[in-house]
Amino acid sequence: MKRDGACTSLWQDGMTDYKAQQNNTAGNKIFDVVIVGGGITGITTGLLLQKAGKAVMIAEAQNIGFGTTGGTTAHLNSFMEMPFNQLIKNFGEENTRLVAKAGRQALELIKKHVEEYAIDCGHQEVSAYIYAQDEKQIKELDDIVEGFKKIGTEVSVTKTIPVKIPYEKAIEITGQAQFHPTRYIYALAKEFEKLGGVLAENCRVTSVGENEILEITTSQGTIKSRNLIYATHIPPGVNLLHFRCAPYRSYVIAAKLKNESDYPDGLAYDMDEPYHYFRTQEVDGQKYLIAGGEDHKTAHEENTEICFTRLEAYVRKFYDIDSIAFRWSSQFFDPVDGLAYIGHLPGHPQNMFVATGFGGIGMTNSHIAALTLTDIIVAGKSEYEDLFNPNRLKPVAGFSNFVKEAADVVSHLIGGTFSKEKLDTLVELAHGEAKVVKYEGHTLALYKDEEGQLHAVNSACTHIKCTVGWNTAEKSWDCPCHGSRFSYDGMVLTAPARKDLEVIHLEELVDH
Ligand SMILES: Cc1cc2nc3c(=O)[nH]c(=O)nc-3n(C[C@H](O)[C@H](O)[C@H](O)COP(=O)(O)OP(=O)(O)OC[C@H]3O[C@@H](n4cnc5c(N)ncnc54)[C@H](O)[C@@H]3O)c2cc1C
């Protein structure tokens, strides 16, 4: 199973490629719904819609799980990343109760799927723990508890936490869970196909003719559908939502520990900025400590390897590590006001939908999206549609900063302006090294691979022309503005970009 990065995640290990049963676009058929994207959102939504009697096709550009679903950490939380006390400020108490209800319903749906289809994905109900390590964090934690209480969710102050990290005060939230995400989506995809759903891998959607019957152009031909859902993590093209969601990169290690008793029993979160989080996953009899953190805005860290070094050093302070079995990083999109955007795609016909802005709570939000979009398409309405409405204009404190931050360009990543003579010296880049340079009016993104071959692409992102930056760890060109990502030789890995980066033939450039 492939992923959109060079590092291998725990969830890819041992996963053979999913073999779709009907990898075709079914001739002239008009589908009820075409879902673009085969991550946890696309697969779950496809299953619910197909179950409800709709004719559904899922079009995945690569393989299922290729996106962030293959690089997640799969904590299953019924609460959001933005604490309830803050959500109450942004959306009011009644709406925040509805958020909590949606979160609980999402976790119940995951559990129901695991039981109904007997999915072997290590699903386990556990408690979550949030711990404060100084006076300021204790005050914040007290506010968080207040928020939980106001919306009627039980939390308790606890004397013990499952991680070996010093703390001052901690709370326990029961009724949370964890699982193996790719085993889960493989099983759901199988059920979707059994019900007659069409799943096409290596099927990239490149454009949509926006009529009552949508004409969807893909790398496997044109498909017709009454509705379309972008489950691409962030919608492709240029959209209002790109100014409401900021891309972040986050780092994970999965470690084998020397002492069996050290593996935490539960989900644990500190309150640092960016935070660290921990849990255990057992896969085929082997336990792993999963630790994550070191988040930063996409393409705003010059050496992403350092993030792994820092994370590992932090974990080693508290744990006796036998070996780091896996380390990987992945991208998420933070919504400006703390809630996901699920529903009608702004600026497009009423039969086009989107699910994005999941932050670090995408396992839960994907299932909220599946429930909400299925209700909207099948019954014409959902109790959650206003709450998560992508067209909501919710001015919150810090909004203009958020937009500015999301749109800044990382000029520090550009190495300088080069003459013809100097360009020649770039061939002396070390193996595995990359640089963005200016040369006679062109800005080039150069990468020398491990075999010594130089790859040059135009560094202007094909989305809205921001300059891409090199991601050392995952060997990709990442765009700081809206999170589009490309392979070293320019192939688009992650939306919103639709097109590959232009390949530059250096010899021709120098000859000119
Ligand atoms: C390091 C990390 C840890 C996380 N941990 C947690 C956690 O513990 N708990 C939690 O709830 N959430 C977590 N999240 C968030 C969660 O993983 C994501 O929100 C979720 O996986 C997103 O799923 P998705 O299906 O929406 O998108 P993706 O999994 O990214 O899937 C989108 C798919 O769309 C495809 N695609 C894109 N463009 C096209 C196109 N034009 N045509 C066809 N297909 C296309 C892609 O190839 C991809 O497979 C984490 C995120 C990160 C980065």
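Domain bounds, as used in these legends, come from an automatic or database domain assignment. The model shown in every view is predicted.

**View 1. Domains of the chain and the contact of domain 2 with domain 3.** The protein is divided into domain 1 (30–72 + 182–242 + 338–401), domain 2 (124–178 + 245–335) and domain 3 (411–511). Between the C-alpha centres of domain 2 and domain 3 the distance is 34 Å, and 14 residues of domain 2 are in contact with 17 residues of domain 3. The size of an interface is often given as the accessible area lost when the parts come together. For domain 2 and domain 3 the area buried between them is about 1200 Å², with 53% of it on carbon and sulfur atoms.

**View 2. The largest nonpolar core.** This core has 110 residues, and those with the most contacts inside it are L10, F179, Y184, F278, V315, I342 and F388. Because domain 1 and domain 2 both give residues to this core, it lies between them. Leaving aside neighbours within four places in sequence, I342 is in contact with a set of residues that includes V354, F358, I368, L373, F388 and P390.

**View 3. Helix α2 and its packing.** Of the 8 residues of α2, 6 are buried, so that the helix is mostly covered; the buried residues are F84, N85, L87, I88, N90 and F91, and they pack against α3 (93–116) and α4. Helix α2 (residues 84–91) and helix α4 (residues 135–150) meet at an angle of about 65 degrees, with their axes 7 Å apart. On the α2 side the contact is made by F84, N85 and I88, which meet D143, I144, G147, F148 and K150 in α4; by class, this contact has 4 nonpolar, 2 polar and 2 charged residues. Just after α2, G92 takes a positive phi of about 90 degrees.

**View 4. Backbone details in loops and in a strand.** Most residues other than glycine have a negative phi, and most peptide bonds are trans. A118, although not a glycine, has a positive phi of about 45 degrees; A118 is placed in the loop between α3 and β4 (124–132) and counts as exposed, at 65% relative accessibility. E294, likewise not a glycine, has a positive phi of about 60 degrees, but is placed in strand β14 (residues 286–297) and is buried, with a relative accessible area of 15%. A cis peptide bond joins E273 and P274, with omega about -5 degrees, and P274 lies in the loop between β12 (267–269) and β13 (277–283).

Methods:
Residues numbered from 1 in each chain as written. Predicted model: local features only at pLDDT ≥ 70, side-chain atom pairs only at ≥ 80, totals over all residues. Heavy atoms only, no water. Core = buried A, V, L, I, M, F, W, Y, C linked by side-chain atoms within 4.5 Å. Buried < 20%, exposed > 50% of the residue type's maximum accessible area, 1.4 Å probe, protein only. Contact = heavy atoms within 4.5 Å. Axes fitted to C-alpha atoms, helices over the stretch in contact; angles between N-to-C directions. Helix = DSSP H or I, 4+ residues; strand = E, 2+ residues; numbered from the N terminus. Nonpolar A, V, L, I, M, F, W, Y, C, P; charged D, E, K, R; others polar. Buried area = accessible area lost by both parts, 1.4 Å probe.
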